[in-house]
Amino acid sequence: MEVEIKLRLPDTAAHRRLSSFLAPRLRRTDAQRNLFFDAAARPLAAATAALRVRLYGLDDRAPSRAVLALKRRPRIDAGVSRVEEVEEPLDPAIALACVDDPASLGGVESPIIRLVSEEYGVGGDAAPFVCLGGFRNTRAVYQLEEGDTLGLVVELDETRFDFGTNYELECETAEPEQAKQVLERLLTVAGVPYEYSRSNKFACFMAGKLLP
């Protein structure tokens with residue numbers, strides 16, 4: 001179970017202000033391309049599951065690495081997101097081949113692909129994979145200081161959909177209520193407005209619009 005705090009920022013100005021405030025704690029910035037796969041009838045989406053290939057790097061044809069993930073049964077309440085997640089590294093060359101030929105994903109040797117085949121019947125000749133599309137995300141990763149901030153690792157996302165851009169501060173944690181208090185205090189000190197996220201990025205993508 002992945003547990004994350006998700007706090008939505010209203011606009012570019014808020015994102016820029018928080019980026020500047022957190023700049024001394026920046027550890028790295030990741031360029032991500034996120035693509036989602038399902039069968040044509042979308043049985044995974046109907047079961048509130050998302051199969052994602054994430055490619056890292058600025059060059060679409062030469063990613064530095066790739067990760068395959070299956071997320072299921074997401075729940076989000078008062079800015080605390082819980083989702084069942086399994087993920088595994090994927091050879092970037094194989095990932096690119098699957099982007100070019102989505103049906104070939106069904107032939108990849110992978111525990112996740114076997115799980116999807118067994119539980120959802122997706123990936124074989126009867127229900128080959130198709131690519132639903134996706135979105136791009138720039139993720140800045142920060143290490144907060146020990147003490148009142150618990151030494152948390154936080155992620156500031158700028159997510160670019162075809163229909164708009166979303167800004168969000170995230171933090172994976174085993175202590176969500178404490179972590180949420182830390183993040184809310186940090187945003188208040190930085191003078192950055194926010195609200196609790198009520199939907200995840202995949203839900204926005206599937207809806208074709210920015211959701212609260």
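**View 1. Overall fold of the predicted protein chain.** Along the principal axes, the C-alpha atoms fill a box of roughly 55 × 35 × 30 Å.

The model is predicted: local features need pLDDT of at least 70 and side-chain atom pairs count only at pLDDT 80 or more, whereas totals for chains, interfaces and linings use all residues. Residues are numbered from 1 along each chain as its sequence is written, and side-chain values use heavy atoms, with hydrogens and water left out.

**View 2. Burial and contacts in the protein chain.** Of the 212 residues, 47% count as buried, a term that means under 20% relative accessible area, with exposed meaning over 50% and partly exposed in between (1.4 Å probe, protein chains only). Among contacts (heavy atoms within 4.5 Å) between residues at least 6 apart in sequence, 63% join residues at least 24 apart.

**View 3. The tilted pair of F135 and F161.** The structure holds seven aromatic pairs. Rings of Phe, Tyr and Trp (its six-membered ring) pair if their centres lie within 6.5 Å; planes under 30 degrees apart count as stacked, over 60 as edge-to-face and the rest as tilted. The ring centres of F135 and F161 are 5.0 Å apart and the planes stand at 55°, so this pair is tilted. F135 belongs to strand β6 (residues 130–143) and F161 to strand β7 (residues 153–161), so the pair ties together parts that are 26 residues apart in sequence. F135 is buried, at 5% relative accessible area, and F161 is buried at 7%.

**View 4. The stacked pair of F161 and F163.** Here the ring centres of F161 and F163 lie 4.9 Å apart with planes at 10°, so the pair is stacked. F163 is partly exposed, its relative accessible area being 32%. Ring pairs link F36, F135, F161, F163, F202 and F205 into a cluster.

Definitions and conventions: Helix = DSSP H or I, 4+ residues; strand = E, 2+ residues; numbered from the N terminus.
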